[in-house]
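Please read them alongside the sequence and model.

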Amino acid sequence: MQVIDLKGKKGLVVGIANEHSLAWSAAKHFRNAGADLALTYLNDKAKAYVKPLSTEAEASLFLPCDVSKPGELEAVFGEIKAKWGRLDFLLHSIAWARKEDLHGRLTDCSAEGFAESMLISVHSFIRMAKLAEPLMEHGGSLMTMSYYGAEKVVDHYNVMGPVKASLEASVRYLAHELGRKSIRVNAISAGAVATRAASGIEHFDELLNETVRKAPLRRTVEACEVGRAALMLASDYASAITGETLHVDAGFHIEGMVFH
Ligand code: NAD
């Protein structure tokens, strides 16, 4: 199915935890299309899982990146500048919230927990845009991952709902600001896929069942389908697409009340 050519393009992928990660599916598609990749891992514990994937993807750079650790994200971009002198696309595929906030009511979310979740899940994308801008002199593509809970209330999504809403609004503002430099900024609103992050959401199985019941395609989404959408957005095939939240969710988001 791979028809898109990214040969000669340089891309950064942040958010691979293991082979189930949406970011890994995207990275495989980028690499199969010929892109050179910089991949990151969260910490030493995660490194053991991500290293074999980095080897498989023949990543040119493999670096630690915890966006909450001062200087780590900046160091990644420093290495990219030294190695490539430029960047063509990046995928931000990270989200985090304290367990009590992920499992508790938004009403009860602490200021600290809310701020931490916003810094890691949203502001890190804004920081990446700022760091990428000088490396994208000939334009580029910035992508992030969102979810339907940004638009409508999804039971048990809790604090991540407002966090993803902020992420999608940030995509539009970044697209507005960076468009004159031919830098495109888009979100992929992925349907529910069983990953490590998803396992932190209570009753996730019910969400999968509800997708099968309600989505027009009557099925859940595969990680590779999200990866293919990222491949398209990274490429020139998406040259006029920016500020968009692209739903890769088997159509789940269009449905209101569905009776079967
Ligand atoms: P995942 O657990 O594989 O990926 C989440 C990643 O976030 C991990 O690699 C983790 O290391 C990273 N991360 C967390 N805190 C970080 C920090 N401080 N610094 C750097 N990285 C950090 O799960 P996933 O489902 O592939 O999640 C990727 C993205 O997709 C997330 O933004 C998630 O909200 C979004 N998403 C997932 C689904 C789904 O159903 N799986 C649906 C829609 C959107």
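1. The second largest pocket has a volume of about 310 Å³. Of its 21 lining residues, Asp88, His138, Gly139, Gly140 and Ser182 are closest to the centre. Here a pocket is, on a 1 Å grid over the protein atoms alone, an open set of points with protein on both sides within 12 Å along at least five of seven lines, and lining residues have an atom within 4 Å of a point. Grid points are joined across faces, edges and corners, and a volume is the space filled by probe spheres set on them.

2. The model is predicted: local features need pLDDT of at least 70 and side-chain atom pairs pLDDT 80 or more, whereas totals for chains, interfaces and linings use all residues. Numbering starts from 1 along each chain as its sequence is written, and side-chain values use heavy atoms, with hydrogens and water left out.

3. Strands E5 and E6 (183–190) each supply at least two residues to the lining of the second largest pocket. By class, this lining holds 6 nonpolar, 9 polar and 6 charged residues. In this scheme Ala, Val, Leu, Ile, Met, Phe, Trp, Tyr, Cys and Pro count as nonpolar, Asp, Glu, Lys and Arg as charged, and the others, Gly among them, as polar. Helices (H or I, at least four residues) and strands (E, at least two) are DSSP runs, numbered from the N terminus.

4. The largest pocket has a volume of about 1,400 Å³. Among its 46 lining residues, Ser93, Ile94, Ala95, Arg196 and Ala197 are closest to the centre. Elements giving two or more residues to this lining include helix H1 (22–32), strand E2 (36–41) and helix H6 (160–178). The lining comprises 29 nonpolar, 12 polar and 5 charged residues.

5. Of the 27 residues around the ligand, Ser21, Leu22, Ser146, Val193 and Thr195 come nearest; a residue is near if one of its heavy atoms lies within 4 Å. This shell has 18 nonpolar, 6 polar and 3 charged residues.

6. Which side chain places an N or O atom 2.5 Å from an oxygen atom of the ligand? That side chain belongs to Thr195. A backbone N or O atom of Val67 is 2.9 Å from a ligand nitrogen atom, and a polar backbone atom of Ala17 lies 3.3 Å from a ligand oxygen atom.

Definitions and conventions:
A polar contact is a pair of N or O atoms within 3.5 Å; within protein, one must be able to donate a hydrogen and the other to accept it, and residues adjacent in sequence count only if both atoms are side-chain atoms. On a 1 Å grid over the protein atoms alone, a cavity is a set of points where a 1.4 Å probe fits but cannot get out, and a pocket is an open set with protein on both sides within 12 Å along at least five of seven lines; lining residues have an atom within 4 Å of a point.
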